[in-house]
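The sequence and structure come first.

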There are 2 protein chains.
Amino acid sequence: MNIGIDMMGGDFAPLEAVLGIKQLRHEAQGTRHEGDTAREEGQVTSELQLTLFGDEPQLTALLEEHGVSMDNLQIIHTTQVIDMHEHPTKAMKEKPDSSIAVGFGYLAKGLTDAFISAGNTGAMMVGSLFSIRAIEGILRPTIGAYMPRENGKLGWLLDAGINADCKPENLVQFAMLGSIFAEQVLNIPNPRVGLINIGEEEGKGNLLAQGAYPLLKSMESINFIGNIEGRDVFLDNADVMVCEGFTGNVILKLAESIHGLIQRRNIEDEFFNMFEFEQYGGVPVLGVNKPVIIGHGISHAKAFKNMIGIAQKMIEKDVIRLIKEKL
Amino acid sequence: MNIGIDMMGGDFAPLEAVLGIKQLRHEAQGTRHEGDTAREEGQVTSELQLTLFGDEPQLTALLEEHGVSMDNLQIIHTTQVIDMHEHPTKAMKEKPDSSIAVGFGYLAKGLTDAFISAGNTGAMMVGSLFSIRAIEGILRPTIGAYMPRENGKLGWLLDAGINADCKPENLVQFAMLGSIFAEQVLNIPNPRVGLINIGEEEGKGNLLAQGAYPLLKSMESINFIGNIEGRDVFLDNADVMVCEGFTGNVILKLAESIHGLIQRRNIEDEFFNMFEFEQYGGVPVLGVNKPVIIGHGISHAKAFKNMIGIAQKMIEKDVIRLIKEKL
């Protein structure tokens, strides 16, 4: 298994990316010492190779400085960086030797099995759609968001902002993609799918929700539980929450703002600590042909470590194949 | 000034409605003793008449029991009650002697100047649209929601769920209606209007937001400040926040759920106490020809008192005339 990492993406790159790898290595060693038990629990056992895209002299120095061994690790030197605020398509075209463009090149050629970045989200989407492409039959790839729950679990909301205008068919595919991700990566068996709506009963909602409800209801491959409302988002009432990307993005950004409020109010609470979204690492682009993980711009070491973990799990569980089978 | 009150609407009717009137009377007496100062501050000075719709024997007994004098107060006996879960149009048709139907009859005939209820929201909308009717030129009347802000102020979000599918023209009218309400009733001078969107720049968002932005920008009668995002909802970045009723309702119900979370986590915080929505009383149906205030089903005394206060203010500030002038 070979995972590609854009070492230059994110506000704290490349240092925090290097520290993330260090953390991962450290924990993997701990796991290895536990031996068979870890294996029985289904933890990562196959040898993990990392391919780092970025400025080689800088990366080599940082890896050495922080005592990260070069075992199972290769650096691909890139000379350009796509800035967080650059126009995605323009940047991908004009910076062919950027860490993101080269990273996608490796992924497309099968030299890596997944690609992760905390850099320019738009450029990551462009790379996903144009170099990796949507899985045949997927109308619109999607990005989701973790939603903290009072019981300590995570819900999965999608679309989180990529597809602002949707048709009922899109929501149906989000439900399928989200169910597979929730089951395989978030370890939620037979995940309950809720349609985000403004009333509980069938027939409620806007035209989109009214159109999507019967389609979701008729899907045998998902566990559709009906409509859920704004009040259910932070409760454990549905595991996968489906909506178009406009509402989803408003929910996500509102949820993200709660952590700042809690901090400014000097409130210390286990549940509200879950609103620090950085801890979850990143989110996959679901519906494209390879695992692509996009992280928050403010990603620190833990986020990078977790992104690698999500990519590993998506590869091990063969999520892409499962999606193709469902189509 | 004569305000009609549905005494039978809400989970705790008619007791809490009676207690609300008692609270109002008590506070009004306090105000009256302060004399000129209160008048200078623009507080309510004109004589307030209340018309109570409901079961007369029950109301008379409760008023007496709680020591509420019958001065400036008349009871209109009604024999039917529209239940919280009844179908609105059907109920309004089949229960012509319900407190809501009779209350709207009085309002339509000009026997009262405003009507408030914590009962069936749908029936209140049906009454507003069919007996009071939309102001000429208003495409879609709307209901808003208060949004707590960290600085202790309130923002005003609309539409909060009545109009799930909207056109750009609807959002433009919501912006105008919301601005007048925020300025006149919430006392926010020159309120800043933000378009709820999924990006900061013009051109971002779904087709609706993309269509609404230039229209809002060109309106001279409002103070449009551009796009706001989910993260701005609880901050003091815009006073009036405009969106279609699907997103608005999801935001409102999500915000309402925060208070329960805070309580269950045993967190005591001034700002998060503002998420107890019951304290705000009710919200007006904006865009109809008379002040109509709809309260939460779980309204207690304070909510009833505040609803009367909002109706009073809408009458005193002549909000309906101001809306007509803007059209």
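What rotation superposes chain A on chain B? A rotation of 180° does so, with 0.0 Å of shift along its axis and an RMSD of 0.0 Å; copies are superposed by least squares on the C-alpha atoms of residues with pLDDT of at least 70 in both. That is the relation of a two-fold axis. Within chain A, Thr247(A) has the C-alpha nearest the axis, at 2.7 Å from it.

The model is predicted, with local features needing pLDDT of at least 70 and side-chain atom pairs counting only at pLDDT 80 or more, while totals for chains, interfaces and linings use all residues. Residues are numbered from 1 along each chain as its sequence is written, and chains are lettered from A and ligands numbered from 1 in the order in which they are written.

The contact between the chains takes 29 residues from chain A and 29 residues from chain B, two residues being in contact if their C-beta atoms, placed from the backbone, lie within 7 Å. Both copies use the same surface, since 100% of the contact residues of chain A recur in chain B. Helix H9 (residues 245-264) of chain A gives the largest share of the chain A side, eleven residues. Helices here are DSSP runs (H or I, at least four residues), numbered from the N terminus.

The domain assignment, automatic or from a database, gives chain A domain 1 (1-138 + 287-318) and domain 2 (139-276). Twelve residues of domain 1 of chain A are in contact with ten residues of domain 2 of chain A. On the domain 1 side, helix H6 (121-132) and helix H11 (301-316) of chain A each supply at least two residues.

Helix H7 (residues 168-184) and helix H12 (residues 319-326) of chain A have axes that come within 10 Å and cross at roughly 140°. Axes are lines fitted to C-alpha atoms over the stretch in contact, with angles from 0 to 180 degrees between N-to-C directions. H7(A) contributes Met176(A), Leu177(A), Ile180(A), Phe181(A) and Gln184(A) to the contact, and H12(A) contributes Val319(A), Leu322(A), Ile323(A) and Lys326(A).

The table gives residue classes: Ala, Val, Leu, Ile, Met, Phe, Trp, Tyr, Cys and Pro count as nonpolar, Asp, Glu, Lys and Arg as charged, and the others, Gly among them, as polar.

| Side of domain 1 of chain A that touches domain 2 of chain A | eight residues | two residues | two residues |
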